[in-house]
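Please keep the structure open while reading.

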Amino acid sequence: MFLDSSDHVVSVDEGDEGNWLMTYADMMTLLLVFFVLLFSISALDLKKFKDALQSIQVGLGNDEPPVALLKVLEEEKEVPRKIALESVIGLKSRKDRLLNEISEFIYSNQYSENVRLDFEGGNVKLRITGHALFDSGSAQLNAAAAPILEEITRIIKRYPDFKVNIKGFTDNIPISTPQYPSNWELSAIRATSVLKYLVEAGIDEERLTATGYGELNPLVPNTTEANRAKNRRVEFVLEEETD
């Protein structure tokens, strides 16, 4: 009890002293709703998100979501159909991790002069200059190829959900030998030699393909020896399999 301004005794219901608990409980409920809402939009599509939001509002005693939220939800073109959970909690996709792992392999071993990493058409592309794997005019892997291919094999094994297309390329200087009648044969056999190495190292052959392109698809014009050296290459195109 307490005295009011007229010195009258005013009693206070003891239950009123616990009113702050109701406010605290309401705040905790709102926080719970907020985290449930975040979880809902992290993995559900728009329809499921709307259903979840409506159920939350009904649970709190409202018949329908606030007008502002309804407006946002109805503008489907401006709202992503699906928000990846990894974008909310900071996890990277397997493709991002693969890119990072290859990049670390290149720079930690100082291979940047002979090995390049690209991301093209949604696929991871690893490009290796020809002389880092083969001697001139040969399709036999040289000694320098071993440490590079060993590391590539290790990475490919760690990502079994990626198919690997091995592509061989040459410059435009014609070759004509009993073993390699043209640049096309040389590039195809080089790609096949790399494929054979990966299979013998334990990579499932069902994941691998090898293609020779000869002098087609040059990176730069074959106008100088430096440019021709860039065009002589082997590429690994890693494509993630989808269900």
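A residue is called buried when its relative accessible area is under 20%, exposed when it is over 50%, and partly exposed in between, using a 1.4 Å probe and protein chains only. By that cut-off, 32% of the 243 residues of the protein are buried. The model is predicted: local features need pLDDT of at least 70, side-chain atom pairs count only at pLDDT 80 or more, and totals for chains, interfaces and linings use all residues. Residues are numbered from 1 along each chain as its sequence is written, and side-chain values use heavy atoms, with hydrogens and water left out.

**Overall make-up**

- The protein has eight helices and seven strands; these are DSSP runs numbered from the N terminus, with helices (H or I) of at least four residues and strands (E) of at least two.
- A contact means heavy atoms within 4.5 Å. Of the contacts in the protein with a separation of 6 or more, 63% are between residues 24 or more positions apart.

**Helix H6**

- H6 (residues 145-158) contains 14 residues and reaches 20 Å from its first C-alpha to its last. That is close to the 20 Å expected at 1.5 Å a residue, where the expected span is 1.5 Å times one less than the number of residues.
- The buried residues of H6 are Ala145, Ile148, Leu149, Ile152, Thr153, Ile155 and Ile156.
- They lie on the same side of H6, because they cover an arc of only 165° around the axis; the arc is that of the directions from the helix axis to the C-beta atoms.
- An α-helix has 3.6 residues a turn, so residues three or four places apart point the same way.
- The cover over the buried residues of H6 includes helix H5 (94-108), strand E3 (115-120), strand E4 (123-129), E5, H7 and strand E7 (233-240).
- Thr153 has 5% relative accessibility and therefore counts as buried. Not counting residues up to four places away in sequence, Thr153 touches Tyr197, Leu198, Ala201 and Ile203.
- Ile155, also in helix H6, counts as buried because its relative accessibility is 2%. Leaving aside neighbours within four places in sequence, Ile155 is in contact with Leu98, Glu101, Ile102 and Phe105.
- Ile155 and Leu98 are 57 residues apart along the chain, and their C-alpha atoms are separated by 7.9 Å.

**Strand pairing**

- Two strands pair if DSSP finds at least two bridges between them.
- E3 and E4 are antiparallel and share six bridges; Glu120 has Asn123 in E4 as its bridge partner.
- The hairpin formed by E3 and E4 has two residues between the strands, and Gly121 in the turn has a positive phi of about 60°.
- E4 also runs antiparallel to E7, joined by six bridges, with Lys125 partnered by Val237 in E7.
- E7 is joined to E5 as well, by eight bridges in the antiparallel sense, and Val164 has Leu238 in E7 as its bridge partner.
- E5 (residues 162-169) and E6 (residues 208-212) run parallel and are joined by five bridges. Lys167 stands opposite Thr211 in E6.
- From E5 the chain crosses through helix H7 (residues 183-200) to E6, a right-handed β-α-β crossover. Right-handed here means that, with the strands pointing away from the viewer, the path from the first strand over the helix to the second runs clockwise.

**Burial of the strands**

- In E4, seven of seven residues are buried. Asn123, Lys125, Arg127 and Thr129 point one way from E4, while Val124, Leu126 and Ile128 point the other way.
- In a regular strand the side chains alternate between the two faces of the sheet.
- E7 is mostly covered, with six of its eight residues buried.

**Aromatic pairs**

- Rings of Phe, Tyr and Trp (its six-membered ring) pair if their centres lie within 6.5 Å; planes under 30 degrees apart count as stacked, over 60 as edge-to-face and the rest as tilted.
- By this rule there are three aromatic pairs.
- Phe105 and Tyr111 form an edge-to-face pair, because their ring centres are 5.6 Å apart and their planes are at 65°. Both Phe105 and Tyr111 are buried.
- Phe169 and Tyr213 are stacked, because their ring centres are 5.1 Å apart and their planes are at 10°.
- Phe169 counts as buried at 4% relative accessibility, whereas Tyr213 is partly exposed, with a relative accessible area of 22%.
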